[in-house]
Every structure is written in structure tokens, then in C-alpha cells.
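Reader: Please go through this structure with me step by step, stating the cut-offs as each term comes up.

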Amino acid sequence: MNEYISSKKRERIDKIFKFSIYIITFTILIPLFLIFGFIITNGIKNISIEFLIKNPVPVGETGGGILNALIGTFILIILSSVLAIPFGITAGIYLSENSNKKYAQYISTFVDVFQGIPSIVLGIIAYVWIVLPVKKFSALSGAVALSIMMLPTIIKATEETLKMIPYSLKEAAYSLGVPYHRTILKVILPAAFSGILSGTLVSIGRISGETAPLLFTAFGSNLLEWNIFKPMNSLPLLIFNYAKSPYPEWHELAWSASLVLITIVFLFNLLASIGEKKWKIKF
Amino acid sequence: MEDQILTIRNLNAYFGDFHAVKNVNMTVYKNTITAIMGPSGCGKTTLIRCINRLHELTEGAYTTGEIYLKNNNILSMNPIIIRRQIGMVFQKPNPFPTMSIYDNVIAGYKINGIKMDKTEMDTIVENALKKAALWDEVKDKLKQKGAFLSGGQQQRLCIARAIAMKPEIILLDEPTSALDPKSTLKIEELLEELKKDITILIVTHNIAQAARISDYTAFMYLGELIEYDKSDKMFTNPSNPKTNEYLKGCFG
């Protein structure tokens, strides 16, 4: 009888516990949905094809779009990816291949710390290293700041994925007389493809919304700019400049641009998870 | 007497301070199956990993002595060259997960960047899979990933991958210990067939398996080669009392 009662009690506690988990999760999701809802309701009214394919117009004129910022964002993404991906993957390989060595462990910790450096600091560094010496704001200097931001995520994703690959796979290649470099390039990296890809896409998603590193580097521009050695606009910069302006119509454009930006970030994250599932290899 | 293909002289293998293989001397004969048996940790796996120079890849591991493949000392040759002449199959099947069955078989050429035309590759793949008794099961799905095969099929795929390189010797490290009895039998049968072309060294802790398939058997204990003889003699009338005890199941 006693046992029966205690089991009843246990079931009740289990139910309360499960219920609390649901409630707490939903509670913390509420602000998130509110933010999305707010951006969508405020942003959607100006969204049109015109908004995406036209350049900004001066204050007072109606219409105008975000084409220059959209193009600028993609150029910055491509440029910083080109700078960050090769170095990030190489460093990740180094860290996983030497994971039992002291200095690699130090570097690995250092990379973790690096992830926490405020993005504005990276912007200032790019400003000091690149903008000041050439005395010119440029998309390239912005891309350098963003690529430094991407590095830790790519390095960590590569390192962690490679560490998951069993040694037996390497032995299989060695036993066929495959030299070390070919083993890494042709066997180990392809097996880690999904993890590296998703890490890279997540890092792209992360930098595409960054404003701070671009303030003193890419600077922003009202013109459509293709030259990477000149100041260039980007979505976060446009949002920043419009939002702090005193004009209500610009505020509305800032909301719409935010919606576009969030959609882009969402797409990169979606791609990351699709890619990870598609090419995932189980060992 | 058969031709000698592999001669091991005063071989010692170490992991740092640990002396794993102690002064082993043995001769392996061409086109035979030689089984190396012994209890866990006796150094049998380390011994064969010295033969294709995988042992030295472990940090702190090194070897002394000589191993002659015909007349060349393996331990002073380029390990890359050696490993293309001496294939290996591991305890756990390890096909390349990103590659198709076809690419797995031809992997030794492809990853090494050895160029050849399609028909030549097709022939190598077909022959290797036939020798590995896998052709009939996979000939219609050569483009599928090797990881979808069963454990036994994966292991035969690994054997096909090893023999596709046309090695002189293949080393098998407990190749059936992760497999069910039926797959085990299939692999044992194919090894009998394979020894016509290739010399086989197999590490096993399954005494019955050693007795079933091998022409020669080596018994190792605590890093030493206790006895090495024709299997017929070894399993009926071993000369060393330690071997006798092991065969009777007194330890191991």
C-alpha cells in the first residue's frame, strides 16, 4: 500500500516537472517571437521588388531602396569568407592533428577566448591596421574585421568535427600507402565536410548582421559601390544610419531593411542545418 | 619447402619504455596463411603493425631489428612504398564513408593520385571484388556508399580494397572478431582462395580459427614468440609446454 502511494506521488512529481519544462521554455520564447513579430509588422509594409532593386534616395523624396546595402553585404560576406575560410580550416586541422600537444591546447583555449572579443574592438583594430595607414575607408578593411570575427567559429567547427573522425579511417588510408597530406586532404577533410560547412555558414550568418566592425572600416555609402577599395554600404550600416536619423520615413526603411537582414541570416542558418544533415557521416 | 617471402630478424618493438615485442625471429613462406595467436596484449598486433610500418606512427613508438621482404629491409625503406606492397585489413571494418563501393576498392590508386583509364579501373575493381567474394552481392550497386553494407560485407570490401593494390602480402588484424559466425566463415573461405596469389598473415585470438585456416602458426606470449611451426604440428604436438597450456585453455 505504501509503495502504491509513493509511486502515485512520484508520477505527480514527474508530471509537474515535465509541465514546468514546457512552461519555462515557452516563457523564454515569448520575447523572441515578439521581436520577430514586431520586425515583421513594422518592416513588411515597405517590402517590394522596388525596395530590393533601387538605391536609397535623399531625405524628402519618397521610395528608394536598399540595393547598394544588399550588394555591399554580399560583397563583404564573399570577401571575408575568402579571407577566413582557408586560414580557419587550416588552423582547425592543425589543432585537431596536434590535440595532445601543449601549445595546441593553449592555442585552442586562445581561440575560445577570441570568440568573446567585442566586435567593435575588431573594427578598431582593422581601422588602426588598415584604414589609418592607407588613409581611406574601404570594404576590404571591413572584410578583414569580419573575417577575424569568422575565424574562431570556423576553426572550432573544423577542430571539433575532425576530432570526431575515428583514427581507423586514417589507418585505412595509411595502410594503402597514402602519404599524410593526401590522407588529410582526400580522406579526412571530405569526411568532415558537413561539420565544416555548417560551421562556416553559421559564421557567415553571424557576421552578416554585424555593424560595429564596419563603422570605422567599410564606413557606409549612399552609392552603389563595387570597388572593394572604396567605402561600401551594408545592411547593418544602413539600418544603423537610418535608425539614428531624425526622419520617420527613414525609420520605416530601417525596419524593412532589418526584415531583409533577418531573412538572410535565417537562410544561412537554414542552409547550415540542411547541409549538415545531408552530408553528415555517422561513424 | 616453400619460398621465403618475409624474414623477421631480432625484431623489438617499443611504445616509449614499454617493450611490446621482444626479439622475434620468424620466416613467413610465400602463398601460405600464417596465423599469429596469443592472449590479449601479447604483442601480436604490434608485430604485424611493424611489418607495414604502422607501429612507428604511434607517438613514442619505435622498432629495432630487421624485417626482410625478399631481400629488402622493410625498416629502412620508404614506408609509403612498403604499405603499397603489404596490405592491411583491420579489426573493425573501416571503408571510406564518403566513397562509393567502387571508389573504395580503387581508393589506393585514386587517393594516391595514380592515373589510369576507366576500363583499367573497372577491371581492377571487378577482379578485387570477385577475389573478395563480394562481386555478386554488390555488382548492381557499385555507386552506392560502402557504409550501407553489412559488417561482413564491409570487411570483405576492405579486403577487396587491400588486394586491389596487388600486394605481395596482406596483414589481417583479427578481421573477423567483430563479425557473426556466417560472415566469419565466408572470410575464412575467401582467405583459403586468396593464398594462391597472396601471402597472408592473420592475427587472431580465436584458436579454432587459427587451426582451421592456417598453414603455419605462431604463438606469442608477453611479447615473446614462444613457438612457431606448421599448424598441423602446433595443434597436435606443440613442443613448448606454454603453447600446450594455452591451447588447452589454461590461460589467455
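Reader: Of the contacts in chain A with a separation of 6 or more, what percentage comes from residues 24 or more positions apart?
Author: This is a predicted model, in which local features need pLDDT of at least 70 and side-chain atom pairs count only at pLDDT 80 or more, whereas totals for chains, interfaces and linings use all residues. Residues are numbered from 1 along each chain as its sequence is written, while chains are lettered from A and ligands numbered from 1 in the order in which they are written. Two residues are in contact if their C-beta atoms, placed from the backbone, lie within 7 Å. On that basis, among contacts in chain A with a separation of 6 or more, the share of residues 24 or more positions apart is 74%.

Reader: Is chain A a compact globule or more spread out than one?
Author: Chain A comes to 12 helices and 0 strands, where helices (H or I, at least four residues) and strands (E, at least two) are DSSP runs numbered from the N terminus. Its C-alpha trace spans about 75 × 65 × 30 Å along the principal axes. The radius of gyration, taken over C-alpha atoms, is compared with a globule rule of 2.2 Å times the number of residues to the power 0.38. Because the radius of gyration of chain A is 24 Å, well over the 19 Å that the rule gives for 283 residues, chain A is, relative to a compact globule, more spread out.

Reader: Which residues of H11(A) make the contact with H3(A)?
Author: The axes of helix H3 (residues 67-97) and helix H11 (residues 235-243) of chain A come within 7 Å and cross at roughly 140°; axes are lines fitted to C-alpha atoms, for helices over the stretch in contact, and angles run from 0 to 180 degrees between N-to-C directions. Angles under 35 degrees count as roughly parallel, over 145 as roughly antiparallel, 65 to 115 as roughly perpendicular and the rest as oblique, so H3(A) is oblique to H11(A). H3(A) contributes Ala69(A), Leu70(A) and Thr73(A), and H11(A) contributes Leu235(A), Leu237(A) and Leu238(A).

Reader: What radius of gyration does chain B have?
Author: The secondary structure of chain B comes to 10 helices and 10 strands, and its C-alpha trace spans about 55 × 40 × 35 Å along the principal axes. For 252 residues a compact globule would have a radius of gyration near 18 Å, and chain B agrees with this, having 18 Å.

Reader: How many of the residues of strand E3 of chain B are buried?
Author: A residue is buried if 20 or more other C-beta atoms lie within 10 Å of its own, exposed if 12 or fewer, and partly exposed in between, with C-beta atoms placed from the backbone. In a regular strand the side chains alternate between the two faces of the sheet. In E3(B), Ile33(B), Ala35(B) and Met37(B) point one way and Thr34(B) and Ile36(B) the other, and all are buried. Strand E3 (residues 33-37) is therefore largely enclosed by the rest of the structure, the count of buried residues being 5 of the 5.

Reader: Which residue of E9(B) stands opposite Met37(B)?
Author: Two strands pair if DSSP finds at least two bridges between them. E3(B) is joined by 5 bridges to strand E8 (residues 199-204), which runs parallel to it, and there the bridge partner of Thr34(B) is Leu201(B). E3(B) also pairs in the parallel sense with strand E9 (residues 216-221) over 4 bridges, where Met37(B) stands opposite Phe219(B).

Reader: How many nonpolar residues are in the contact of H3(B) with H4(B)?
Author: H3(B) and helix H4 (residues 118-131) pack at an angle of about 100° with their axes 9 Å apart, and are therefore roughly perpendicular to each other. Tyr102(B), Val105(B) and Ile106(B) of H3(B) meet Met121(B), Ile124(B), Val125(B), Ala128(B) and Leu129(B) of H4(B). Ala, Val, Leu, Ile, Met, Phe, Trp, Tyr, Cys and Pro count as nonpolar, Asp, Glu, Lys and Arg as charged, and the others, Gly among them, as polar. By that division the contact has no polar and no charged residues, and its nonpolar residues number 8.

Reader: Which element supplies the largest share of the side of chain B that touches chain A?
Author: The contact takes 20 residues from chain B and 17 residues from chain A. Helix H2 (79-85), strand E6 (86-89) and helix H3 (101-110) of chain B each supply at least two residues of that side of chain B. The largest share, 4 residues, comes from H2(B).

Reader: Is Asp17(B) buried or exposed?
Author: Asp17(B) lies in the loop between strand E1 (4-15) and strand E2 (18-29) of chain B, and its C-alpha atom is separated by 8.6 Å from that of Gly60(B), 43 residues apart along the chain. Because 6 other C-beta atoms lie within 10 Å, Asp17(B) is exposed.
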